[in-house]
Amino acid sequence: MTQSSEPKTVESGRNVSLDIRHIILTNGVPILFLALSITMALVAGLNFTFLLNEVITRLARNSLLVLSLLIPVTAGMGLNFGIVIGAMAGQASVIAVTYWGITGVRGFLLACLLSTPLAAITGWLAGLVLNRAKGREMITSMILGFFANGIYQLIFLFLVGPIIPLKSAAMLLPQGIGVRNTVDLINIAQSLDKIWRPVIGGVRIPVVTLLISFGMCVIIAFLMKTKMGQNLRAVGQDMNIAEVMGIKVDKTRIIAMILSTVIAGWGQLIFLQNIGTLNTYNSHEQVGMFSIAALLVGGASTRRATIFQAVAGVILFHTLFVVSPLAGQRLFGVPQIGEYFRVFVAYGIIAVALALHAWQGRQVRREAIREAMLTE
Amino acid sequence: MERARRVLEMKGITKQYFGNTVLNDVSIDLCPGEIHALVGENGAGKSTLMNILFGMPVIHSTGGFSGEILIDGEKVELLSPAAAMQAGIGMVHQEFMLLPGFTITENIKLNREPTRKNALSKLLRSEFLDYLDIPTMRKDARTALDRLDLSIDEWLPVAGLPVGYMQFIEIAREVDKKEVRILVFDEPTAVLTETEADRLLGSLRRLAADGIAILFITHRLDEVMAVADRITVLRDGETVAMLNRDEAVVERIAELMVGRKVEKVELPPRDTDPSDKDIALTINDLLVDMPGEMVRGLSLSVRRGEILGIGGLAGHGKLGIANGIMGLYSAAGRVSKNGDNIPLNAPDQVLLKGLAFVSEDRRGVGLLLNEPIDRNIGVTAMQAQHKFLRPWPHFLPALRLENRGELRAYAEEMIRKLDIRCLGPNQPVRSLSGGNQQKVCVAKALALEPEILFVSEPTRGIDVGAKRLVLDLLVRLNREHNVTIIMTSSELGELRKICDRVAIVYRGRLAGILPPDASDAEFGLMMAGRVRKEAI
């Protein structure tokens, strides 16, 4: 608005200014988190090898979940809080595989195979709902997650035992109805990580898991170069225009949801095999929040998210996760303060990102109006 | 001018929206290489006709239409935009159908991208997984741009381009479609400067010379005269005329566009006629940021005691004027009443200055639908002027409660005076008919005892009988209570019926002021942008 009033030249749109202010303004969030992480790591007096170990483990554990968010963002559906539904699909299949006692990589692959149709169907249903809630996808997907959680609890607390035959004293609650709160995933624990885990300079690297995450990055990058990717981007920019241009908007959005949910299901399986135990009723609950927080920390917004931002976000967010309780311990003698801080940060960053999103949206609209008023 | 071959024929098209007939037995046809202009006021049915031709979902989700569409003499069913494109129909939209985040090339080739197979897409047999063929896309875009004589880099992002370019990109997209034989231009020059518009008309001629049939929708009659081979005039959903260029005259088209029989009723006389010597409200360089109804520097003087009508086509800003002055949309400029400056963007202050507003958005802005009549009548006066309130308890004047008795008495008086048909002041306004709701809105404005009353679209969505009552009421207010009324309406007929003068707004500015008994042609020309400066 304060810019010169002379008409925009064609070239001005391309002019990428590289001054530092611009970089800081556009990457404020990741820079802030980098600074915070470094400060806290220094305060906590952490051993660098320990930190690197932790961060690499967490990178392998979480990146697929965060990557699962990218496609809906591209399709203009915002941050998909509904990935918890995919996580539930992953958990349901891991429970089945554990019950059947199929071990190792075979067990893990079978779980992936099982979770895929489950996640695809639930993702399709979620997509149908979101197509009726255009413009309010984020809150709708969040509530859908809560709703799905209700169904999940119904199945695993009440239906398993009397209706779904699962006869394993180790997995059922003492009264024979419902799955235990914690299920030991001894069959598939670390199955992927331990295939090849060389130690380089004191850092253990779960090569296969990281390769899978990298593979997913490649797949997403490939997808974006295809006709499908172009459709997703077009729908993401403006549904009405895409529709008029003959792109099947609803179908494209449903595909985005299915892909996201399926990837999230696999992501949850990778997460669980790394952790080694399943918190039947809790493991999935925070998945949406923390993955979204990580993506936003990487500098993504509700309208734009890249693979780089996803990976950088996981690294930054989890570095902070590792160091903040230790810094709290060191500074105040209470780790809870650090713990408090990281939860506070996770929710705070989402709130800020969403507020910024709304604010920028308004700003863009104002700009457009002003432009329209100047043209005459 | 009979030509043998018709590339497109639309025959006997009739369309209803929820029982309202918006198109009645309209027919139009197109020959290859012809430019056929379609003119008409807003609401004449042009957009609906084009939506039908383009198979827009809005048509089929509201019960479809009757009549038939023939392409090359064969009957076709156009049930979706995709089907219309398949049939060779291209549309240059009034609103830009461009994605700002995409490059010019990506926009031109949107959803028609050439692709290359890759291993995965071959394996899964899914064309969705084919790579985009960027070099071919760029080449095609370049060819289309060259055909329009546009030398812009095809890989620039669309965001930030001047508006004129955007229009040409839109056209380039249609030109790029090899199968396109029919091109619809929906008010393509509305956002262009004069030179850009000239250039566009040049492109239009060039495309027609290539054998493409062009349907050209516009308000600007001089453009019609410049390029059209034939002209169809729509009014109120019916075809009123189909003229060949040699038999068309601008004045005649304007008259056909607007022409309605205006029943001139004798209005009650005044003691003194309003004149320019006694100005009640002065508006200088008003800018209003109302989406779709932008006001771009309007100046106007309102005589004390008159009924001033504000007319103009939709989207030209007539609704923005009242909304801007009353502070409902952000505004800039100078407005003064009796030389006293009226603060903008401050609705509460404006109400205190003796201005009141009956909004065009009756159910959204005008009324609290679930509240009773009396509270609706009193609410603005309570808020702005602290009327109908009593302190409670008595020693605390800062705490004030609604004075039900006073409010009720006032509401009953209003119900009697304005003849609001209801069960009593307690009835929620939601259950009133449109005309009676409108009267409640007027009563609400009157509770403020305004000197100047803005009324926007007072008869929108109410039945014919109620329309007359509302108009009569406005005349009575003006004559008996000496309220200066500024009435904005899309219905030129009603403006001409009760107003002393009618101001026509064109592209956010005042095009001119006409007496209500000016001819149809004069109104038509002014609404279509033939500026006539002399005031009356």
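**Entry: a bridge pair in chain B**

I began with Tyr506(B), whose bridge partner in β24(B) is Arg509(B). I note at once that this is a predicted model. I then looked up the strands around that pair. Strand β23 (residues 501-506) of chain B and β24(B) are antiparallel and share 5 bridges.

**Entry: the sheet around it**

How many strands does this open sheet have, and in what order? I found 6 strands, running β18-β21-β22-β15-β23-β24 in chain B. Their pairing is mixed. I checked the edges next. They are β18 (355-358) and β24 (509-514) of chain B. Each has a single partner strand, so one side of each is left without a neighbour in the sheet. On average, neighbouring strands here are turned by 20° against each other, direction ignored.

I reminded myself what holds such strands: they pair through backbone hydrogen bonds, either parallel or antiparallel.

Helix α11 (residues 318-325) of chain B lies across β15 (307-311), β18, β21 (452-456), β22 (484-488) and β23 of chain B. Its direction runs at about 135° to β22(B). Helix α16 (residues 434-446) of chain B lies across β18 and β21 of chain B. I read its angle to β18(B) as about 170°.

**Entry: the 4-strand sheet of chain B**

I moved on to another open sheet in chain B, with 4 strands in the order β2-β1-β4-β5. Here the pairing is antiparallel. Which strands stand at the edges? They are β2 (20-30) and β5 (74-76) of chain B, each pairing on one side only. From one strand to the next, the twist averages 30°.

I followed one pairing in detail. Strand β1 (residues 8-17) and strand β4 (residues 66-71), both of chain B, run antiparallel and are joined by 5 bridges. Within it, I found Glu9(B) opposite Leu70(B) of β4(B). Helix α1 (residues 46-53) of chain B packs on this sheet. It touches β1, β2 and β4 of chain B, and its direction makes about 115° with that of β1(B).

**Entry: domains of chain B**

I wrote down how chain B is divided. Domain 1 covers 8-95 + 180-258, and domain 2 covers 99-157. Domain 3 covers 265-354 + 450-536, and domain 4 covers 373-446. I also looked up a spacing: the C-alpha centres of domain 1 and domain 4 of chain B lie 49 Å apart.

**Entry: α3 and α11 in chain A**

I turned to helices in chain A. Two packed helices are described by the angle between their axes and the distance between the axes. I noted both for helix α3 (residues 48-67) and helix α11 (residues 249-275) of chain A: the axes come within 8 Å and cross at roughly 170°. α3(A) and α11(A) are therefore roughly antiparallel to each other. The crossing of α3(A) past α11(A) is left-handed.

I listed the contact residues. From α3(A) come Ala60(A), Arg61(A), Asn62(A), Leu64(A), Leu65(A) and Leu67(A). From α11(A) come Ile263(A), Ala264(A), Trp266(A), Gly267(A), Gln268(A), Ile270(A), Phe271(A) and Asn274(A). By class, this contact of α3(A) with α11(A) has 9 nonpolar, 4 polar and 1 charged residues.

**Entry: α3 and α12 in chain A**

How do the axes of α3(A) and α12(A) cross? The axes of α3(A) and helix α12 (residues 287-297) of chain A come within 9 Å, crossing at roughly 85°. That makes α3(A) roughly perpendicular to α12(A). Asn62(A), Leu65(A) and Val66(A) of α3(A) make the contact with Val287(A), Ser291(A), Ala294(A) and Leu295(A) of α12(A). I counted classes again: 5 nonpolar, 2 polar and no charged residues.

**Entry: α6 and α7 in chain A**

My last pair was helix α6 (residues 104-131) and helix α7 (residues 137-159) of chain A. Their axes come within 10 Å and cross at roughly 135°. α6(A) and α7(A) are therefore oblique to each other. α6(A) passes α7(A) in a right-handed crossing. I saw Thr122(A), Ala126(A), Val129(A) and Leu130(A) of α6(A) meet Glu137(A), Thr140(A), Ser141(A), Leu144(A) and Ala148(A) of α7(A). These residues divide into 5 nonpolar, 3 polar and 1 charged.

Technical notes
Residues numbered from 1 in each chain as written. Chains lettered and ligands numbered in written order. Predicted model: local features only at pLDDT ≥ 70, side-chain atom pairs only at ≥ 80, totals over all residues. Pairing = 2+ DSSP bridges. Helix = DSSP H or I, 4+ residues; strand = E, 2+ residues; numbered from the N terminus. Axes fitted to C-alpha atoms, helices over the stretch in contact; angles between N-to-C directions. Contact = placed C-beta atoms within 7 Å. Parallel < 35°, antiparallel > 145°, perpendicular 65-115°, else oblique. Left-handed = near helix turned anticlockwise from the far one by under 90°. Nonpolar A, V, L, I, M, F, W, Y, C, P; charged D, E, K, R; others polar. Domains from an automatic or database assignment.
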